[in-house]
Amino acid sequence: MAKLAAAGVVDGYPDGTYKGDRTMTRYEMAQIIARTLAKGAIGADDKLVSEFADELDNLGVRVAKPEKNADNVKITSLARMSCRDSNGAAVTGEHSRSRLRTDIFFTGEVNDNWHYVTMLRNEQFFQGQNENGEDDTDFQRAYLDGNIGVVKVTAGRYNENINDGNICDTRVDGIKATVPFGNAYFKAEYGKMAGSRDYTGLYGDAEENAHGYGASTADKFWLAEVGGTWGNFDLFANYLKDANVRGLALASSADPIHDDNIWAVGASYHVGKFGLGAMYVKGDDDVLKGAVDMDGHAADDYDDDGYVIKMNWGGARRNEPGSWGLLARYVDLGAPAVISMSENGESEYTRFIGEGFKGYKVGGNVTLAKNLIAEVDYYDYKGKETDKHARTLWSQLYVHF
């Protein structure tokens with residue numbers, strides 16, 4: 001304290017003492033911070049300045065508002081450089097694609113229970129779409145996330161991943177509430193599926209659809225789910241109702257926009273680094289019931305259900321260089337069982353419109369250095385009616401910063 005006094009940072013009381021046995025008030029602490037700022041010992045971005053911003057204002061020490069609130073906003077980013085090469089009888093058009101996708105997340109602290117999240121995305125395509133140097137940059141997330149009592153609530157535009165992405169993985173404008181019950185939970189959700197895949201040439205303006213954002217994936221939807229964790233097992237069952245879905249009907253159908261209802265149950269087991277999971281899905285699509293296939297034959301016997309089996313070992317962790325993982329998955333899904341699958345291979349919404357598909361994926365990932373993860377996957381899918389293959393080699397580098 002004597003050294004601080006000698007430096008002119010703190011002053012004693014008129015009686016020559018510093019009252020070291022008395023708790024300091026916030027106003028007194030703010031005086032010390034103001035003097036320390038004036039002498040350049042700390043900067044305006046110091047956490048103490050943010051903590052005592054109101055008291056500093058009262059003392060006439062003006063701190064810019066962004067500096068006061070700097071601790072209230074967290075910025076995180078993820079860049080992904082990917083390359084895809086596809087071949088097979090089901091693959092038409094562009095066979096290869098390279099892309100750099102950069103996401104910047106802003107998470108603002110509203111209070112102790114609520115956060116507001118936005119995400120800005122930039123995409124650079126290196127074949128076909130942005131060769132003139134232009135790029136696509138837009139906001140793709142904007143939502144509140146928090147708790148009302150024990151109920152976890154998410155509301156706004158967020159990304160929804162339904163059943164590990166095997167049914168749907170896209171942006172939605174909605175509200176979701178999850179209520180825990182011991183080891184179990186109940187989840188209810190309502191909204192509109194906002195994201196869209198590339199259905200160029202099938203639905204409307206080809207230029208508008210060029211980047212896959214020309215139209216909504218679906219109209220209004222609602223979801224109800226129950227599940228929980230017991231020991232090493234995770235279980236769930238849910239029901240999804242979606243209106244005006246795009247992309248599942250046959251290309252020859254007079255009405256490519258349709259409704260879909262999907263039921264699903266699943267279970268997974270994990271012990272140590274090993275994981276095993278299975279899911280059964282059944283869809284009820286009002287277009288495929290009366291549609292015809294590409295050859296004009298009735299499609300009433302098209303599969304409306306399917307299943308997914310997956311297995312994994314370990315996994316790359318961004319903070320552990322040298323960590324790695326392997327995975328394998330087999331899918332057999334009818335057209336009504338998928339809406340917008342989380343997929344880097346050529347699958348339902350790009351190559352097997354209306355007929356469903358089956359096949360496998362194998363892959364692996366490794367952490368090359370802290371915050372640098374490399375991934376390689378191989379897909380081999382084929383149409384459930386045509387038996388035409390679509391094979392894809394996918395590689396990606398994740399950069400967290």
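In which strand is Tyr330 found? Tyr330 sits in strand E13, which covers residues 324–333; helices (H or I, at least four residues) and strands (E, at least two) are DSSP runs, numbered from the N terminus. The model is predicted, so local features need pLDDT of at least 70 and side-chain atom pairs count only at pLDDT 80 or more, while totals for chains, interfaces and linings use all residues. Residues are numbered from 1 along each chain as its sequence is written, and side-chain values use heavy atoms, with hydrogens and water left out.

Tyr330 has a relative accessible area of 32% and is partly exposed, a class that lies between buried (under 20%) and exposed (over 50%), with a 1.4 Å probe and protein chains only. Tyr330 belongs to a nonpolar surface patch together with Val265, Leu276, Tyr280, Tyr307, Ile309, Met311, Tyr360 and Val362, and the accessible area of the patch is about 750 Å². Strands E11 (274–285), E12 (305–314) and E14 (357–369) each give two or more residues to this patch. E12 supplies the largest share, three residues. Patch members have over 30% relative accessible area and no salt bridge, and nonpolar side chains (Val, Leu, Ile, Met, Phe, Trp, Tyr) are joined within 5 Å. A salt bridge is a side-chain nitrogen of Lys or Arg within 4 Å of a carboxyl oxygen of Asp or Glu.

Two loop residues come next. Most residues other than glycine have a negative phi. Asn371, in the loop between E14 and strand E15 (372–383), has a positive phi of about 70 degrees. Asn371 is buried, at 18% relative accessible area. Asp387, in the loop between E15 and strand E16 (389–400), has a positive phi of about 60 degrees. Asp387 is partly exposed, at 44%.

Note on methods: Patches are made of residues with over 30% relative accessible area and no salt bridge: like charges are joined within 9 Å, nonpolar side chains (Val, Leu, Ile, Met, Phe, Trp, Tyr) within 5 Å. Accessible areas come from the Shrake-Rupley method with a 1.4 Å probe; for residues, only the protein chains shown count as cover.
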